[in-house]
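Me: I have not looked at this structure before. Please take me through how to read its features, one at a time.

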Amino acid sequence: MFEYKHIDSGGKDIELPVGKVVCVGRNYLQHVKELENEVPSEPLLFNKPSTALTPLHKPVVLPKKSGPCHNELEVAILIKTTLCQASIQSVEAAIWGVGLGLDLTLRDVQSTLKKQGHPWERAKAFDRSCPMSQFVIKDQVEKLSNIGFSLSVNNEIRQQGNSQDMLFPILKLLVDMSNTFTLLPGDIVMTGTPKGVAALSVDDQLTIELNGHFSVRTCVA
Ligand code: ZN
């Protein structure tokens, strides 16, 4: 059942519609290397439909018959005003706030699709493939270029990232995306994963932290 709404750090609903999720692949060098991919010369973009969204604090439900499902923890940007062919000067004012999302990825399915030269949707855009946290309002985030975050699985750190290591930083990404897809109020931008992607298992306990702002505990079902 679809039960996602954007919420703020106090748990209150944010008055924005639920839209698409625009994602970037290969935005951290160490992650590009761990999967032995090529460093992109422009952002590698893909979309998840709104039906991929699910609240992060509810159990993360894995598809059961499609092989390993990997964690990819990413900084998520909630858009509040339309961005179409935006300039670098105008993008920051269009951001409602910052959260964290999981870009769940069926890695074997994705490898097969990559080899065939096919799109990635079956691996990345399935129902509930994008568990999403609350959002911290942008004014409370000191610097978009210095956002630290982490994922622990069963009390062991698995991913630790900082937006300062992005190949394409947040504001530049929004400009680039808005030249291809108009970003509408309520859309979310996922900004790529640092290294540390690995398979999740049923009953894993996850702790997801946006440094200095929040920590969410959830589990895998
Ligand atoms: Zn990703």
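**Reading the cavity, the zinc site and the core**

Reply: Start with the largest cavity, which 17 residues line, with Gly-25, Arg-26, His-31, Glu-72 and Lys-124 lying nearest its centre. This is a predicted model, in which local features need pLDDT of at least 70 and side-chain atom pairs count only at pLDDT 80 or more, while totals for chains, interfaces and linings use all residues. Residues are numbered from 1 along each chain as its sequence is written, and side-chain values use heavy atoms, with hydrogens and water left out.

Me: What is a cavity, and what is a lining residue?

Reply: On a 1 Å grid over the protein atoms alone, a cavity is a set of points where a 1.4 Å probe fits but cannot get out, and lining residues have an atom within 4 Å of a point. Grid points are joined across faces, edges and corners, and the volume is the space filled by probe spheres set on the points. Here there is 1 cavity of 30 Å³ or more, and the volume of the largest is about 120 Å³.

Me: Which elements supply at least two residues of the lining of the largest cavity?

Reply: Helices (H or I, at least four residues) and strands (E, at least two) are DSSP runs, numbered from the N terminus. Strand 1 (21–25) and helix 3 (107–116) each supply at least two lining residues. Helix 3 gives the largest share, 3 residues.

Me: How do the lining residues divide by type?

Reply: Ala, Val, Leu, Ile, Met, Phe, Trp, Tyr, Cys and Pro count as nonpolar, Asp, Glu, Lys and Arg as charged, and the others, Gly among them, as polar. The lining of the largest cavity has 4 nonpolar, 6 polar and 7 charged residues.

Me: Which residues are the protein donors of the zinc ion?

Reply: Donors are N, O and S atoms within 2.8 Å of the metal (3.2 Å for Na, K and Ca); water is not among the atoms, so sites may look incomplete. For the zinc ion, the protein donors are Glu-72 (OE), Glu-74 (OE) and Asp-103 (OD), at 2.0 to 2.1 Å. Their spacing along the chain is E-x1-E-x28-D. Glu-74 in strand 5 (residues 73–79) and Asp-103 in the loop between strand 6 (95–102) and strand 7 (105–106) are 29 residues apart, so this pair links distant parts of the chain.

Me: Are Glu-74 and Asp-103 buried or exposed?

Reply: Buried means under 20% relative accessible area, exposed over 50%, and partly exposed in between (1.4 Å probe, protein chains only). Both Glu-74 and Asp-103 are buried.

Me: In the largest nonpolar core, which residues touch the most other members?

Reply: In soluble globular proteins, nonpolar side chains tend to be buried together. A nonpolar core is a set of buried Ala, Val, Leu, Ile, Met, Phe, Trp, Tyr and Cys residues joined through side-chain atoms within 4.5 Å. The largest core has 47 residues, and Val-75 and Leu-174 touch the most other members. Among the elements that each supply at least two of its residues are strand 10 (148–153) and helix 5 (170–178). Helix 5 gives the most, with 5 residues. A second, separate core of 17 residues includes Tyr-4, Phe-46, Ala-76 and Met-190.

Me: What does Leu-174 touch?

Reply: Contact means heavy atoms within 4.5 Å. Not counting residues up to four places away in sequence, Leu-174 touches Ile-79, Leu-83, Val-91, Ile-95, Leu-183 and Val-189. Leu-174 is one of the buried residues of helix 5, which also include Ile-170 and Met-177. The cover over these buried residues includes strand 1, strand 5 and helix 2 (88–91).

Me: Where is Gln-110, and what does Gln-110 touch?

Reply: Gln-110 sits in helix 3. Because its relative accessible area is 4%, Gln-110 counts as buried. Leaving out residues up to four places away in sequence, Gln-110 touches Thr-105, Trp-120, Ala-123 and Lys-124.

Me: Which value does phi take in Arg-26?

Reply: Most residues other than glycine have a negative phi. For Arg-26, phi is near 55°, a positive value. Arg-26 lies in the loop between strand 1 and helix 1 (29–34), and is buried at 18% relative accessible area. Gln-85 also has a positive phi, near 45°, but Gln-85 is exposed, with a relative accessible area of 59%.

Definitions and conventions. 1 Å grid on protein atoms, 1.4 Å probe; cavity = no way out; pocket = protein on both sides within 12 Å on 5 of 7 lines; lining within 4 Å.
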